[in-house]
Amino acid sequence: MSVALRGLASAGVKIFIIGAGQVGTTIVESLHKDAEHELTVIDLDRSRLDALSYHFDVRAIEGDGASRATLVEHGARGADLFIACTSRDEINIISGLLARNICPRAKTIVRTSNVEYLDVWRERVLEFDHMVSSEEETAHAISRSIGVPAAKMTDVFAEGQVQIVELDVDPAPAGTPAIAANVSVQDAALKAARKKVERRRRVIGVPLRDADLPAQSRVAGIIRGGREILPRGEEAVQPGDRIIVIGSPESAREWSGLMARGTRRVDDVVIFGAGRAGVAAARLLLRQGISVRLLESNPVRAAEVAAHLPQARVLVATGIDPDFLDRERIGETGAAVFTMRDDGKNLYAAMLAKLHGAPLTIAVAHEHVSVDVFEQAGVEVAIDPRSLTAEEIVRFAHDPRTRQVAMLEQDRYEVLDITVRSESELVDRPFRDLPMTGALIGAIIRNGSAIFPHSEDRLQPGDRVIIFTESSRVQEVERAL
Amino acid sequence: MTIARLSLRRAVRRRSLAVDVGAGLNLVGALIKWWALAFLFPTAIALGYGESPWPFLVAGVAAGTFGVALERATRGKERAGAREGFLVVSLVWLFVAFFGSLPYLLSGEDQLANPVDALFESMSGFTTTGSSVLTDIEGLSRSLAMWRQFTQWLGGMGIIVLFLAILPRLRVGGRQALFKTEAPGPELATFPATIRETAQRFIGLYVGLTVAEIAVLSLFAWTGIDERMSFFDAVAHAFTTIPTGGFSPDGRSLEEFGAASQWAIVPFMILGGTSFALLYLGIVRRRPVSFLRDDEFRVYLFLLSAASLLVLVDVATEEIASGEAAVRQAVFNTVSIFTTTGYANADFNQWTALTTFVLLGGMIVSASAGSTAGGIKLVRHVLIAKLLRREVHQTIHPELVAPVRLNGAPVDERALRAIVVFAFLYVGIVAAGALVILVDSARADVAVTPFQALAAAATTIASVGPGFGFAGPMGSFDPFSDVSKGAMITLMWLGRLEIIPVAVLFSRQYWRA
C-alpha cells in the first residue's frame, strides 16, 4: 500500500468488528450509514461474510479474530474502534486483549454472555472501554417493561431520570369503560375504572396542546397505520395509535396506566426458563423487591439456580403443563416472562399463560423475525437480546458527544442523548421558534436534573438533550447541535 | 507369637475379605504404642504425691508392649486406607478404654475391683461421659483421681486427632477418613485446611482453653476468692470442663466450691460445647461476627437461655434457692447438661418434673457439632427442622426445588439423608438401650423406673454423665447390674463414635469386596 493511500484511508474512523453474526450484522447496519466509518469485519464463516458484504460496503475478512497475526495483517494497528462481538465469550475477551496490545489507542468494546465477566470488568481487571452482556441487557429490558406494564418498549436515559416508552393506545373508543360493566365488580374498583375513563377522555382524541397529559412528559411521536405523524399541537392521540412518550419515570407509569386495560403494579413475576438471561432477570427483579418464581425443566439446573437464588422460588416444570399452571396459579401473576432457548416454546408457553389469565407476557425472541411473530400473536412485549446488545454497542460507538441511543420500530427511529455545543444555532431560541425537522426534543438535562420543556424554554450551551428522530436524520441532528 | 502371626496372616489372606485387617491392626498397634506415653503423666503425679506409681507404669508398659507386638505382627502392612478407617477408629477406642481401666484394677481400689466397673469408669472417662460407679470419690488416691480427670481430657481431644497432628506416619492416605470418623458432627463442608492443620488448630485451641481455665480457677484459689479451690482442683476441673466431660474429684461435684468458680466454669462449658472451627474463626482469627452469623451458635445460645429460664422458674417457684443462688443453680445445671458436661452444683434430681424434662431434652438436643460435646448435636436438629419446613412447602408446591441451607449455603441432599438416618438410629439405640437396662434391672432386682432407664441410656450415649434416680448428679451408677453397665459401656462407645463407624463394622458389605 502506498503512503498516499494509507494517508487517505486514515482520514476515516477505522472500526474493526469481530464476528458477523446477528449482533455484528446489526452493528454494521447502523454504523455503515456514516460515510466516515471504515468498517472491517472478521469472521471464520465465509457465508456470513458474503451475506454481509452483499448488503453493506465493508471489508469482509475470513479469519480468526482471536489471532494476533490475522489482526495485524489486516491493519488492526490503525484501528480507532475495536468491537469483539462473536457469540463466544472467551474469543471476544482474547480478541479484545489482543486489540489492547496491538492498537492501544483504539476504544475496545467486548460482548459477553457471562455476567461474571462483567463483574470482573467492572473491577477493572479486564481493561476494556466497554463490555456488554446480552443477558444483562435482556434483564434490564425485562425489568423496564415490568415497571411500565403496558409498554412495548421502554428505555431509560440520564441515570434513570428520563424514560422513553413506546405504547399502544387501547383501540376501544375513549368513552367505553376499560373494565366492562361487570355487575360483580366492587364499588371501589368501579370508581377507579370510572375515574380512569374520565381521564382517558381528556387525553385521547383531544388536540395535544389542550389535552390533560401526565405532567413531566411529552408525546415524541405518533405512529398511525405504519406512518409517523409529527405530534404538533393540533394533532391528537387516537385509539389504536402507537405513541412514543418521553418523560419522567412517574409519568411513564401514568401513561401506561392510561393507555392499557386494567394495569396494576406488578409485584410478582413468573419466569419460564432459568437460563442465564432468566437468572439475570430474576436477580434484577428480586433486587427491586418483586417476588420471583422461576420455572426450569432441567432438575439439575433448577437445583443449581435454587442454590444461588435463595429468595426466588424455583420449580421444576416445563411451563406447558396446564395442570401445573392451574395449581400454581400462574394466571394470577403480575407478569410472565419467557426466557427459554426455543422461540417456538416461548411463544407456545406465553399463549398458554395468557389462556390461564396472565395479564402481561414478555418473551425473549432469539430470532429477529420472532419479534414480529410474537407481537402478532399477542405477546405484550418481545425482546430481542441480540439487537439490544448491538444497540448498546452502537451507543458507545456513536458520536462521542452522544451518550445513548435507543432504536425504535426496527431502527426506523432513534433516541439520542447529545450535549449542545455553544456555537449551535439553536442555542437561546425559545422552543416554539425551533424549526420542525422531524426531530423532537423530549427532555433537557441541565445541571444534572431533567426538564421537560415547554414552548417558552430555551436551549443553553452544555445542555444534554434527549432527542427523538428518524434514523436517517441522526447526522443532521448531530450537526445542528 | 509366631503362631499368632501365622494365624493373623492367614486371616488377612482370606480371599473374600475386602478389608485389609492386617493394615488396620498395624495402625492400631502404632497408635496404642505412642498412646502408652500418656501414662507418664499420672506416674509423675503419683511420684509427686508419694503414692505408688506402679499401677500406671504397669498399665503403660502393657499398652506399649501390646502396641509394639501388634505392629510387629502385622509388619509390612503399613497401608491402611479409607476403608480400614472405621475398623481402626472403633478398635482404638476399645483398646484405649481397656488399657485405661488397668490402673483402676491394679491400684487395689475396692470401689473399682470389679473389671466391669473399672471398664465403665474408663470408658466413661475417655468418651467424656462423666457417669461414675464410684460411691466415695474422695476415697481415691490423688494420682488415681487425677488419672480419672486426665482420661476425659485425653478423650475430649480425640485419640486419632492427636496423632494426626503430631505423627508424620499418619500422613499417608486415609487420613481424611480417619479424622472424619472420629470427629463428631455431620459432614457438611469440605475442610478448608489440610487435616494436619485442622488437627493442630483444634489441639492448639483445646490446650489454650484448658490453660485459660486452670489460670482462672487457680487465681480464685490463690486470692482466696474460692477457699475450697486448690491448684489440684483447678487442673482437675479444667481437664473435664473443656472436653465437656464432667468428672469431678469431689463427690458433690461443684456444689461445695465457691460461687465465683461455678460462674467461671459456665462460660468454659459453653465454649467446650461450641464448634471449634467457629471458635478458631472467632477467637484466633479475631472475627467475632462469625459467632452471630452462625445458625447453629445462635440456636445454641437461644436454647441455653430459654432452658435456663425454665429451670429458674422451677427453682424459684419451688423455693429451692433464692436470689443469686437460684440463678446460678438454674444456669449452671442447665448449661452442664446441654453441653453434655455433667457437672452439678445442686442435686437437680430432687427438683420437679419441669426441670427433669427440660434436662432430659437437653441430653437429646445437646450442643454444637465439631465441639467436644456428645449427643445428636444441634446442627442436626436445626437441619431436620429446616427439612421439615421444606417438606411442608413441597407439599403445597410439588415441583418446588428448595435446597436446605445452613449459614446461607445449600446443604448436600446426601448429607441431609445421613442426618435423618442418624437421628433415627440414635433414638432407636437409646430406646433399645433403655429397654435392656429396664429389663435387666427388673431381673437383677434393681429399682429402676422406665424413665430412669431412658435417662440412663440417653445420658451415656450423649456422654452427659448424670442420670436420674440413684444415678443422679450426686449419686452413682454402681447399683446397676453388670449387664446394664455393659450396655452402657457400649452406648458410650457408640455415642462417642456417632454410631455409623461401628454400624459399618456389622455390615456384610464392609467385609466383602
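Which residue in β1(B) does Leu315(A) stand opposite? In this predicted model, the residue that faces Leu315(A) in β1(B) is Leu400(B). Strand β1(B), which covers residues 400–401, pairs with β14(A) in the antiparallel sense, and two bridges connect them.

The pairing of β14(A) with β1(B) belongs to an open sheet of seven strands, ordered β17(A)-β16(A)-β15(A)-β12(A)-β13(A)-β14(A)-β1(B), in which the pairing is mixed. The edges of this sheet are formed by β17(A), residues 381–383, and by β1(B), each of which pairs on one side only. Helix α13(A), residues 343–355, lies across β12(A) (268–272), β15(A) (335–338) and β16(A) (361–364), and runs at about 175 degrees to β16(A).

The contact between the two chains draws 12 residues from chain A and eight residues from chain B. On the side of chain A that touches chain B, the elements giving two or more residues are α11(A), residues 299–308, and β14(A), residues 313–316. By class, that side of chain A consists of 10 nonpolar and two charged residues, with no polar residues.

Chain A, with 481 residues, of which 46% are buried, has a secondary structure of 16 helices and 22 strands. Among contacts in chain A with a separation of 6 or more, 62% are between residues 24 or more positions apart.

Another open sheet of chain A has six strands in the order β3-β2-β1-β4-β5-β6, with parallel pairing. Strands β3(A) (59–62) and β6(A) stand at its edges and have a single partner strand each, so that one side of each is left without a neighbour in the sheet. On average, and with direction ignored, neighbouring strands of this sheet are turned by 15 degrees against each other. Within the sheet, β1(A), residues 13–18, is mostly covered, five of its six residues being buried. Strand β1(A) runs parallel to β2(A), residues 37–43, and six bridges join the two; Phe16(A), for instance, has Thr40(A) in β2(A) as its bridge partner.

Towards the edge formed by β6(A), strand β5(A), residues 107–112, pairs with β6(A) in the parallel sense over four bridges, and the bridge partner of Arg111(A) in β6(A) is Val132(A). Helix α6(A) lies across both β5(A) and β6(A), running at about 160 degrees to β6(A). The loop between α6(A) (115–122) and β6(A) (130–133) contains Asp129(A). This residue counts as partly exposed because 14 C-beta neighbours lie inside 10 Å, a number between the limits of 12 or fewer for exposed and 20 or more for buried residues. Leaving aside residues up to four places away in sequence, Asp129(A) touches Lys107(A), Thr108(A) and Ile109(A). The C-alpha atoms of Asp129(A) and Leu81(A) are separated by 10.0 Å, although the two residues are 48 residues apart along the chain.

In chain B, the axes of helix α6(B), residues 115–126, and helix α7(B), residues 142–157, come within 6 Å and cross at roughly 45 degrees. From α6(B), the residues Glu121(B), Ser122(B), Gly125(B) and Phe126(B) meet Arg148(B), Thr151(B), Gln152(B), Leu154(B) and Gly155(B) of α7(B). The residues of this contact comprise two nonpolar, five polar and two charged.

Helix α16(B) comprises 16 residues, 323–338, which at 1.5 Å a residue should span 22 Å, and its end C-alpha atoms, 23 Å apart, agree with that expectation. Buried residues of α16(B) include Ala326(B) and the residues Gln329(B), Ala330(B), Val331(B), Phe332(B), Asn333(B) and Thr334(B), as well as Val335(B), Ser336(B), Ile337(B) and Phe338(B). Among the elements that cover these buried residues are α12(B) (259–272), α15(B) (295–317) and α17(B) (353–365). Following α16(B) is Thr340(B), the phi of which is positive, near 60 degrees.

Terms used:
Residues are numbered from 1 along each chain as its sequence is written. Chains are lettered from A and ligands numbered from 1 in the order in which they are written. This is a predicted model: local features need pLDDT of at least 70, side-chain atom pairs count only at pLDDT 80 or more; totals for chains, interfaces and linings use all residues. Axes are lines fitted to C-alpha atoms, for helices over the stretch in contact, and angles run from 0 to 180 degrees between N-to-C directions. Two residues are in contact if their C-beta atoms, placed from the backbone, lie within 7 Å. Ala, Val, Leu, Ile, Met, Phe, Trp, Tyr, Cys and Pro count as nonpolar, Asp, Glu, Lys and Arg as charged, and the others, Gly among them, as polar. Two strands pair if DSSP finds at least two bridges between them. The expected span of a helix is 1.5 Å times one less than its number of residues.
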